[in-house]
Amino acid sequence: MGKWIEIVGMPLYSKKNSKVIAKKRILSSKRVREYEERMLPVYIAKRNEWKKQFDKAEKPVSIEFYLIRPTKSKFDVLNMLQLPLDMMQTAEWIPDDDVYTVNPIFTGWEINKDKSKCGFKCRVK
């Protein structure tokens, strides 16, 4: 198993449940766009550390995710993992988030009311 890599600084949001309609187009919500903008440098900074684990693993790579959330409100795990997987692809952690490349595994979650410490940690299983 690989070492846990933390991506914290902002809570995760569901991309699926955060869509807005603007001039006949469907866009991600303001919160999701803000997350993508603010957190992309964090993903990029940790890319090399991640690639050491990912590049050695057999495809599809099983990736464990542990979420850190600001509240105990109910959430859909699959929807919540969509944003980090898309960001991993954007930051070139993974070539694609399809079924032949990754197998996301939810391992649990905890509450931290300090939103600057929210996010997730992940590792190659």
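The questions below concern aromatic rings, charges and the nonpolar core in this predicted model.

Q: Why is the pair of Trp-50 and Trp-93 called stacked?
A: The ring centres of Trp-50 and Trp-93 lie 5.1 Å apart and their planes meet at 20°. Rings pair if their centres lie within 6.5 Å, and planes under 30 degrees apart count as stacked. The pair is therefore stacked. The structure holds 7 aromatic pairs.

Q: What makes this pair a tie between parts that are 43 residues apart in sequence?
A: Trp-50 belongs to helix H2 (residues 47–54), whereas Trp-93 lies in the loop between helix H3 (77–90) and strand E5 (102–111), so the pair ties these parts together. Both Trp-50 and Trp-93 are buried. They also belong to one aromatic cluster with Tyr-43, Phe-54, Phe-65 and Phe-120.

Q: How do you know that the charged end of Arg-69 sits over the ring of Phe-75?
A: The charged end of Arg-69 is 4.3 Å from the centre of the Phe-75 ring. The distance limit is within 6 Å, and the charge must also be within 35 degrees of the ring normal. Arg-69 is listed as sitting over the ring. Lys-121 likewise has its charged end over the ring of Trp-4, 5.5 Å from its centre.

Q: Which residues have the most contacts inside the largest nonpolar core?
A: In this core of 30 residues, they are Tyr-35, Tyr-43, Trp-50, Met-88, Trp-93 and Phe-120. Helix H3 gives the largest share of the core, 6 residues.

Key:
Residues numbered from 1 in each chain as written. Predicted model: local features only at pLDDT ≥ 70, side-chain atom pairs only at ≥ 80, totals over all residues. Heavy atoms only, no water. Phe/Tyr/Trp six-rings, centres within 6.5 Å; stacked < 30°, edge-to-face > 60°. Helix = DSSP H or I, 4+ residues; strand = E, 2+ residues; numbered from the N terminus. Buried < 20%, exposed > 50% of the residue type's maximum accessible area, 1.4 Å probe, protein only. Core = buried A, V, L, I, M, F, W, Y, C linked by side-chain atoms within 4.5 Å.
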